[in-house]
Amino acid sequence: MAESYKHRAVPALDVFKPDIFKDKVVFVTGGGSGICYAVTETLMRLGAKAAIVGRNAERLRGAADSLSKATQSQAIATPADVRKIETLQHAVKQTIEQFGKIDFVICGAAGNFMAPIEGLSPNAFRTVVEIDLLGTFNTVRATMEEVKKSHGNYLHISATLHYSGLPWQAAPSAAKAGVDALSAALAVELGPYGVRSNCIAPGLIAGTEGADRLVPQGQDEMVLGFMPMQRIGQKDDIANAAVYLFSEAASWITGQILVVDGGSVHFRGPFLPYPDSVLDTKSFKSLFPGSKM
Ligand code: COA
């Protein structure tokens, strides 16, 4: 039987020009940890300066220091709660005082937990929708005048949860569906100002709070079996997609959702053993009456 082939995730600097984002300024909600920290680090390695937004000021300052040290570029901590627009307006003001402009915005702050609908109070549902969807709206409202001036670019970190009904994920599914819709409306309203708005919908990414919460313990192998590219995603996979969407190579791409999930969204589960049934088709011949294989 053939072995499954796994492409590796490559760092952005293996592919893109090192100064591609020289002099660009990126404002990142959720930039203090997880996927958005890694995306910010990559943009900084490619020349950008960053303002990272999160609720915990002390943790955020630690993250900004680590980013600056790791990249030879500059990150500042601009604490805010995306649920409160006045705190974001203050963060934008700090960013402008420090860097003079905002070119790119990443709306990445998110909240999630596993709970069936019957286990969700209205406040629990509201909390997730307020962080993910209202938080994205607030971030857009607080930054859009600056982004219009720089003819810049929005990137929203969405999800694939809502492409089908997923148990125990009703609140984030509803919220991310709203984020996709908001991004499309933004693309249409700000396109004439030279501003683009796109989403990345990540699949399961290693080393994130999302993966820790969503994969049942000890089920890693079972989950990998559902992924056409045969490996869990890495933060570099998302960072590379972000670099492309922010770059001028994507200047005619707006209002889109780029799914970065190793093809998982196209595979709804094994009605045949997977991946064995595609790696060794002949062994499954008996399952196809009249097969000419
Ligand atoms: N199941 C059901 N309800 C839950 C829950 C769970 N696992 N966790 C929290 N809630 C409910 C709370 O009970 C509360 O509702 P209530 O007032 O009716 O009791 C509501 O959600 C708000 O909880 P609270 O802890 O006050 O909110 P918070 O603002 O401090 O925290 C969360 C926000 C709940 C989203 C929290 O998980 C969080 O901050 N996560 C941050 C990071 C994250 O989730 N990252 C993952 C990205 S994929």
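1. Two strands count as paired if DSSP finds at least two bridges between them. Look for L155, which stands opposite N198 in β6. Keep in mind that this is a predicted model, where local features need pLDDT of at least 70, side-chain atom pairs count only at pLDDT 80 or more, and totals for chains, interfaces and linings use all residues. Residues are numbered from 1 along each chain as its sequence is written.

2. On to β7: β6 and β7 also pair in the parallel sense, over 4 bridges. Here A201 stands opposite V259 in β7.

3. Is β6 buried or exposed? 7 of the 7 residues of β6 are buried (20 or more other C-beta atoms, placed from the backbone, within 10 Å of a residue's own), so the strand is largely enclosed by the rest of the structure. In a regular strand the side chains alternate between the two faces of the sheet. In β6, R196, N198, I200 and P202 point one way, and S197, C199 and A201 the other way.

4. Now helix α8, residues 235-246 (helices are DSSP H or I runs of at least four residues). 10 of its 12 residues are buried, so α8 is largely enclosed by the rest of the structure. Among the buried ones are K235, D237 and F246.

5. Finally, the ligand: α4 gives the most to the shell around the ligand, with 5 residues.

Methods:
Helices (H or I, at least four residues) and strands (E, at least two) are DSSP runs, numbered from the N terminus.
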